[in-house]
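I opened this entry to record what I looked up, item by item.

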Amino acid sequence: MSDQSPPPGWTPRDPDSPAGSSPARRPRQPRTPHDAQGPQDPPGPRTPAGDRRARRAAKKAERKRKRTGWRRLVPTWRMVLATVVLLGLLIVGAFVAGYLLVHIPPANAAATAQSNLYLYADGSQLARDGEVNRVNVPLSQIPRTVQEAVLAAEDRDFHSERAVDPKAMIRAAWNTATGKGTQSGSTITQQYVKNYYLGQEQTIKRKVKEFFIAIKLGREKSKDYILEGYLNTSYFGRNAYGIQAAAQAYYGKDVDKLTTAEGAYLATLLNSPSAFDVVAHPQSRERALARWNYVLDGMVKKQWLPAAERAAVRFPEPGKVRPAAGLSGQRGYLVEAVKDYIVDHKILDEKTLAEGGYRITTTIDKRRQNAFVEAVDDKVVGKLDPKERTADRVVRAGGVSIDPATGKVVAMYGGIDYTKQYVNNATRHDYQVASTFKPFVFASAVQNDSHTQDGRPITPNTVYNGDNKRRVVGTRTPYAPENEGQISYGNITVNTATDLSVNAVFAQMVVDVGTAKVKQTAIDLGIPEDTPNFDAGPAMALGTMQASVLDMTQAYATLADHGRRTPYTLVEKIEKGDGDVPLPDRTPRQAVSREAADTTTSMLVSVVDNGTGTAALAAGHPAAGKTGTAELDRSAWFAAYTPDLVTVVSMMGQDPDTGALESLYGALGEARIGGGGYPARIWAQYTKAALENSDPLDFDLDLQPGAAPSPPPFVPSSPEPPQDENTPQSPAPPSRPNRPGRPTPPTGGQDQGGRSQGQNQGQNQGQNQGQTTGGQTPDEDTTAGQSDSGTSAGTSAGTTAGTTTGSTAGALGGVTGGLRSRPSSQYLE
């Protein structure tokens, strides 16, 4: 029997190898075309070590073959480790180098900060903000509770932490990068280094220096030394540097007399000195109180203040501001407004600006500024007599004037005197804007192509029911507003409702348009979204929000410039040394359509020509405007514009002692103060002077389809006697020829006494009204003179083609629903 051949692929056993041993298995080689052609030479002998090396080499080759495509882009663990080690060495090296190279410098110039120079637009000097108010005191004179209040506000772990807190710095950088707001990750040591040794500029170089100086200072100086320096160099607002100057500026006492509550308020100011001054900025009171409570609660958490004592603490009202004598008159108001603009628009932060040395050219036109002051003095201030009339004590005035083409604020009236009335009436946010908001409702209606509840497009000729206390339809919020004087107007056009400022019409219109849409339109025009009481509800149509005079001027400037919004500015240029500080971009943009803005303007022209704003005709320039009187007559507004100048004037009531808002009843000897009275007279005198070197310009308007041109001006048949400014009646409109481009007054439609009888608004665009009666001139304050000759019967909301027979709601003869004459001016806003 022959020997069996070994199975293929197995190496024959060596007969000399020990029994039971297993021969090394030969690795299988890949076949090649040559293999298929014939047998190969037998391989040479291999050792076990050689086999192992071969297997390793094969595995390595296999791994290399696997790292193809995207895998080649992924670093190996060896590469990652090497990179980490290298970065660590670089960081350590940079830290060591920085620590050795950065030295503690001498005190910076901010320790003896300079004043800033403010200039008018023509380069002449406006003002200098005063010298730095700083008094250093030792830490032993600062009460322990005041020290702890500052620590609770700024750095609660100051005594136990290191000079820098990398975790807090990284967290602050992350929060800033992710849009959670700009936050500080600095310890008190770092803040002291910034205040005393460096500066407030936001640069990487400064931050790196701050980091290393703080480390060195923390190693070389005690905590008490650093805290004392911090308290003596921090800025508290009111031009006060250091805790001693702040104690005097806010409470009129030395620092060692401060209570815990007062110390907590001063600590609150460190976060935002000007914004949290409840006297200078009463609108920020809620935020300031929240921060004050945060400080006190922090003291309790750190067991620095017993909970029982904390519960008994009451807010310590700071004293009145005592501004520098060099900022008397309007200068202080202008300087503070410019400072607020610079800080609010992040051109410079407050502490950097306070370091001084800046040359700031403003946009204020010196001639127009003086004209504004003169107008307020002539029409209001010069007639106040607080000794004879107690109500005159509460009268305040504010105003702003803007060039709509450039957005530059050319004049601002802040109050009677900055050293006597510190709060700027032009920028405060605590008075309702009243009916000056109504044009925004109509502009939003045109912008959004809105319709009434029954599907009619909203135009100046759209008919609404103007009855007093009429329930608003289409809202879940029960609302039935009162008209001024409790007057019911019946069915009237939007144009007439604007002339007479009828609340019932606009309360319904804001619901028809959509309160959210109206709010967005107001924001687009220039009203800040965070304006107090800016709630999207039916009442917003009557001006319940509390925008500043400056904000309202911005919004009306957008209407004046055909819906194009140019952000306002108070600053032309800021210089320091040889360089200019960059200013924010103010590229104009179309906020609302030209059609929406111009159609709104056409109705506001009618308000001046025929409605509640006729006093503005004394300016001698074509004008569009709106009057407004706030709840309880606490403020009265007139917002108006020519094609080249926008000005808003407001009168306000405020108790000079308590700061409480007061009604203007009885002021200047009048029963009531309305927007069409003194504010409109101030506007007219100022505008006439401001535009004395320019020719009157007519409005170039692009109206929405279906909108009639503005009604023609009333031309009296004979001169009328002048009105006494001390009477509640509005002054008679001056006689003047018809303006170019305006429709010719109709020959018909007069009552038996020859008065203007409800013009038909350019043939009324076919919209007829029922029961229109009588016609009074805008200035009349009587119930006589009605006529039935213009009565026409028809549908109140229908649309007809052609000319409507008889009188419709045009100028002032269009009041319907049984009203026999134009209401007394004391009932008009």
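**Helix α20 and what follows**

I began with burial along α20: V549, L550, D551, M552, T553, Q554, A555, Y556, A557, T558, L559 and A560 are buried. The model is predicted, so I kept to local features with pLDDT of at least 70. Twelve of the twelve residues of α20 are buried, so the helix is largely enclosed by the rest of the structure.

Next I checked the length of α20, residues 549-560. At 1.5 Å a residue, its twelve residues should span 16 Å. The end C-alpha atoms are 16 Å apart, which agrees.

Then I looked at what comes after the helix. α20 is followed by H562, with a positive phi near 60 degrees. H562 sits in the loop between α20 and β10 (564-565). I noted that H562 is not a glycine. Most residues other than glycine have a negative phi. With a relative accessibility of 22%, H562 counts as partly exposed.

**Another positive phi**

I also looked up R238. This residue is not a glycine, yet its phi is positive, about 55 degrees. I found R238 in the loop between α8 (223-233) and β4 (240-241). Is R238 buried or exposed? R238 counts as buried, because its relative accessibility is 16% and the cut-off for buried is under 20%.

**The five-stranded sheet**

I traced the strand order next. The open sheet runs β7-β6-β16-β15-β14, with antiparallel pairing. Which strands stand at the edges? They are β7 (408-413) and β14 (624-629). Each has a single partner strand, so one side of each is left without a neighbour in the sheet. On average, neighbouring strands of this sheet are turned by 10 degrees against each other, direction ignored.

I then took one pairing in detail. Strand β16 covers residues 645-653 and pairs with β6 in the antiparallel sense, over eight bridges. Within this pairing I located G399, which stands opposite V649 in β16. Helix α21 (residues 594-610) packs on the sheet and touches β14 and β15 (635-642). The direction of α21 makes about 70 degrees with that of β14.

**S401 in β6**

I stayed in β6, residues 395-403, to look at S401. S401 is buried, with a relative accessible area of 0%. Which side chain makes a polar contact with that of S401? The partner is Y686, at 2.8 Å.

I listed the other contacts of S401, leaving aside neighbours within four places in sequence. Among them are K408, V409, V410 and A411. L645, V646 and T647 are also on the list, as is F372.

**Salt bridges**

How many salt bridges does the structure hold? I have 24. I went through a few.

R144 and E148 meet through their side chains, 3.4 Å from N to O. They are four residues apart in helix α4 (residues 144-154), so about one helical turn separates them. Residues three or four places apart in an α-helix point the same way, because there are 3.6 residues a turn. R144 is exposed, with a relative accessible area of 53%. E148 counts as buried, at 12% relative accessibility.

R589 pairs with D524 in a salt bridge, with the closest N and O atoms 4.0 Å apart. This pair links distant parts of the chain, 65 residues apart. R589 is in strand β13 (residues 589-590), and D524 is in helix α19 (residues 515-525). I logged R589 as partly exposed, at 40% relative accessibility. D524 counts as buried, at 18%.

R564 forms a salt bridge with D561, where the closest N and O atoms are 2.9 Å apart. R564 is partly exposed, with a relative accessible area of 31%. D561 is buried, at 15%. Last, I noted a network: salt bridges that share partners join D129, E336 and K339.

Methods. Residues numbered from 1 in each chain as written. Predicted model: local features only at pLDDT ≥ 70, side-chain atom pairs only at ≥ 80, totals over all residues. Heavy atoms only, no water. Helix = DSSP H or I, 4+ residues; strand = E, 2+ residues; numbered from the N terminus. Buried < 20%, exposed > 50% of the residue type's maximum accessible area, 1.4 Å probe, protein only. Polar contact = N/O pair within 3.5 Å; in protein donor to acceptor, adjacent residues only side chain to side chain. Contact = heavy atoms within 4.5 Å. Pairing = 2+ DSSP bridges. Axes fitted to C-alpha atoms, helices over the stretch in contact; angles between N-to-C directions. Expected span 1.5 Å × (residues − 1).
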